[in-house]
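Please examine the sequence and the structure shown below.

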Amino acid sequence: MPPRALHPSGIILVDKPAGPTSFAIVAATRRRTKARTGHAGTLDPFATGLLLLLSGAATRLQPQFVGLPKRYETEIDLAARTSTGDLDGERFDEHDSPTMDELEAGLDGLRGAVELPIPAVSAVKIDGERAYALHRRGVAVEMPVRTMHVHELTLVGYAEGVVGLELHVSSGTYVRAIAEALGGHCTALRRTEIGPFHVDESDPERIIPPDEALARLP
C-alpha cells in the first residue's frame, strides 16, 4: 500500500523532463517523502515543464490548485495531423502548410472561449473508462466537446511549416486540441506557469508550506 503519511505537508514544484509520465514523477516523490502525494494537473509524457504536487495533509487542498490558469510554450507542425495530436501518434491528413495570412486567421478564431473536441488520448472518462485506454485498444469513440478559454495566444515564430506559440489558457484547455484545430500536431510543449507559480521556481527538494502557497492564490 502506498505511504499515507500526512507529513511533510505542502506544495512541491517540479520541472518535468520529456519522457516519464506525470504519475511516475508523483510516485518517485511519494517514495522519497514517504507521504501521500497528489497533483494539480498532469502533463503528457512528451511534454516538459511545471508540475504542481501536493504532499501530505496538503493533498486536501487539491481543489484550490487544480483549476488555476496555465501558460504554455508550444511548437506545432502544421503539415499533418496525428492520431494523438503530438509526435507520438501516427501521421495522417498530410497537407500544405498554411500561409501566414491563413495562419493568423486560424489563430484569431482560437482566441477567447472556443469549443473544441477533447483529444482522444486524454484522461477524460468515456463510459467509465479513460479515453487513452480506449485509444490504446483501438476503440473509436466520439470525444466530447469542451469550452476552452484561451486568454492569450501569441505567435512567436513561423518557419518551414512549424509555428511557435505562447498561450495563457484556462484549466481544462488542451493545447493538442488547439494544434488539431489548426490542422497540425504538437512537436514540443512546455508548461511555464500554473496560476502564480512559475517553472523557474521548481525545486523537487523544497516543500512550500500550505499557508505560503495559499497566500499567493488570487
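## Salt bridges

The side chains of Arg81 and Asp93 meet in a salt bridge, with 2.3 Å from N to O. A salt bridge here is a side-chain nitrogen of Lys or Arg within 4 Å of a carboxyl oxygen of Asp or Glu. The model is a predicted one, in which local features need pLDDT of at least 70 and side-chain atom pairs count only at pLDDT 80 or more, while totals for chains, interfaces and linings use all residues. Residues are numbered from 1 along each chain as its sequence is written, and side-chain values use heavy atoms, with hydrogens and water left out.

- Arg81 lies in strand E5 (residues 81–82) and Asp93 in the loop between E6 and helix H3 (100–108), so this pair ties together parts that are 12 residues apart in sequence.
- Helices (H or I, at least four residues) and strands (E, at least two) are DSSP runs, numbered from the N terminus.
- Arg81 is partly exposed at 21% relative accessibility, and Asp93 is partly exposed with a relative accessible area of 35%.
- Buried means under 20% relative accessible area, exposed means over 50%, and partly exposed lies in between (1.4 Å probe, protein chains only).
- Salt bridges that share partners join Arg71, Glu152 and Glu193 into one network.
- Glu152 belongs to strand E10 (residues 145–159) and Arg71 to strand E4 (residues 70–77), so the pair ties together parts that are 81 residues apart in sequence.
- Arg91 forms a salt bridge with Asp77, the closest N and O atoms being 3.4 Å apart.
- That pair links distant parts of the chain, with Arg91 in strand E6 (residues 91–92) and Asp77 in strand E4, 14 residues apart.
- Arg91 is partly exposed at 40% relative accessibility, whereas Asp77 is buried with a relative accessible area of 14%.
- The structure holds 12 salt bridges.

## Overall structure

- The protein has six helices and 13 strands.
- Of its 218 residues, 42% count as buried.
- Among contacts (heavy atoms within 4.5 Å) between residues at least 6 apart in sequence, 69% join residues at least 24 apart.

## Nonpolar cores

- A nonpolar core is a set of buried Ala, Val, Leu, Ile, Met, Phe, Trp, Tyr and Cys residues joined through side-chain atoms within 4.5 Å.
- The largest nonpolar core has 34 residues, and those with the most contacts inside it are Ile76, Leu165, Leu167 and Leu182.
- A second, separate core of 16 residues includes Ile11, Ala58, Phe65 and Ala213.
- In soluble globular proteins, nonpolar side chains tend to be buried together.

## Helix H1

- Helix H1 (residues 22–33) has 12 residues and reaches 17 Å from its first C-alpha to its last, close to the 16 Å expected at 1.5 Å a residue; the expected span is 1.5 Å times one less than the number of residues.
- The buried residues of H1 are Ser22, Ile25, Val26, Thr29 and Thr33.
- Seen down the axis of H1, these buried residues fall within an arc of 100 degrees, so they line one face of the helix; the arc is that of the directions from the helix axis to the C-beta atoms.
- On the other side of H1, Phe23 and Arg31 are exposed.
- The cover over the buried residues of H1 includes strand E1 (10–16), strand E2 (37–39) and strand E3 (48–55).
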